[in-house]
Amino acid sequence: MDTDILYSRIPIPTNWGEVGLVIAPNGDIYPGSEATSIPLSKLGNIKNDSLVEIWFSNPLLNKIRSLSFLREPCKSCEVKKLCRGGFRFNAYITKNDLFAPDPSCQLVKDYIGKS
């Protein structure tokens, strides 16, 4: 594990769209277990949608994979490929915005403090 992540200098990266999907008991498909509490993150339903199609073509997963959602300070950050913009759930529960910078990141805290 990267020591910057280990010592919390940068946030734990989101693994949405990188390692797997979560299927809820009702068949709803999400990018991660914590995402089941975020209505905007529902990707489809196993009863009606193809997992292959979701994995390769879902706009939310592709946006997160591409890092195109990143805003400042993350957009210009040297470690953005390591942290991938941080943990999306943290952004959502603190800012009500899935694509906000992860407020647990020390670099984001420093940036906000300078603003």
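Colleague: Is G17 buried or exposed?
Modeller: G17 is buried, at 4% relative accessible area. Buried means under 20%, exposed over 50% and partly exposed in between, with a 1.4 Å probe and protein chains only. This is a predicted model, where local features need pLDDT of at least 70, side-chain atom pairs count only at pLDDT 80 or more, and totals for chains, interfaces and linings use all residues. Residues are numbered from 1 along each chain as its sequence is written, and side-chain values use heavy atoms, with hydrogens and water left out.

Colleague: Where does G17 sit?
Modeller: In the loop between α1 and β1. Helices (H or I, at least four residues) and strands (E, at least two) are DSSP runs, numbered from the N terminus.

Colleague: And which residues is G17 in contact with, leaving aside neighbours within four places in sequence?
Modeller: W55, L61 and R65. Contact here means heavy atoms within 4.5 Å.

Colleague: What about T14, buried or exposed?
Modeller: T14 counts as buried, at 2% relative accessibility. T14 is placed in the loop between α1 (3-6) and β1 (22-23).

Colleague: Which residues does T14 touch, not counting those up to four places away?
Modeller: I64, C83, R84, G86, F87 and R88. R84 is an interesting one to follow up: its phi is positive, about 60°, although R84 is not a glycine.

Colleague: Where is R84, then?
Modeller: In the loop between α4 and α5 (88-95). R84 also counts as buried, at 14% relative accessibility.

Colleague: Which other non-glycine has a positive phi?
Modeller: N96, with phi near 55°. That residue is in the loop between α5 and α6, and N96 counts as exposed because its relative accessibility is 60%.

Colleague: Switching topic, what joins E72 and P73?
Modeller: A cis peptide bond, with omega about 5°. P73 is in the loop between α3 (59-66) and α4 (80-83).

Colleague: Which residues lie nearest the centre of the largest pocket?
Modeller: P73 again, along with C77, L107, V108 and Y111, out of 15 lining residues. On a 1 Å grid over the protein atoms alone, a pocket is an open set of points where a 1.4 Å probe fits, with protein on both sides within 12 Å along at least five of seven lines, and lining residues have an atom within 4 Å of a point.

Colleague: What volume does that pocket have?
Modeller: About 170 Å³. The volume is the space filled by probe spheres set on the grid points, which are joined across faces, edges and corners.

Colleague: Which helix gives the most to the lining?
Modeller: Helix α6 (residues 106-114), with five residues.

Colleague: Back to the strands: where is G44?
Modeller: In strand β3, residues 44-45. G44 is buried, at 11% relative accessible area.

Colleague: Which residues is G44 in contact with, beyond four places in sequence?
Modeller: G27, D28, I29, D49 and I54. The C-alpha atoms of G44 and G27 are separated by 8.3 Å, and the two are 17 residues apart along the chain.

Colleague: Last one, where does L51 lie?
Modeller: In helix α2, residues 51-57. L51 is partly exposed, at 35% relative accessible area.
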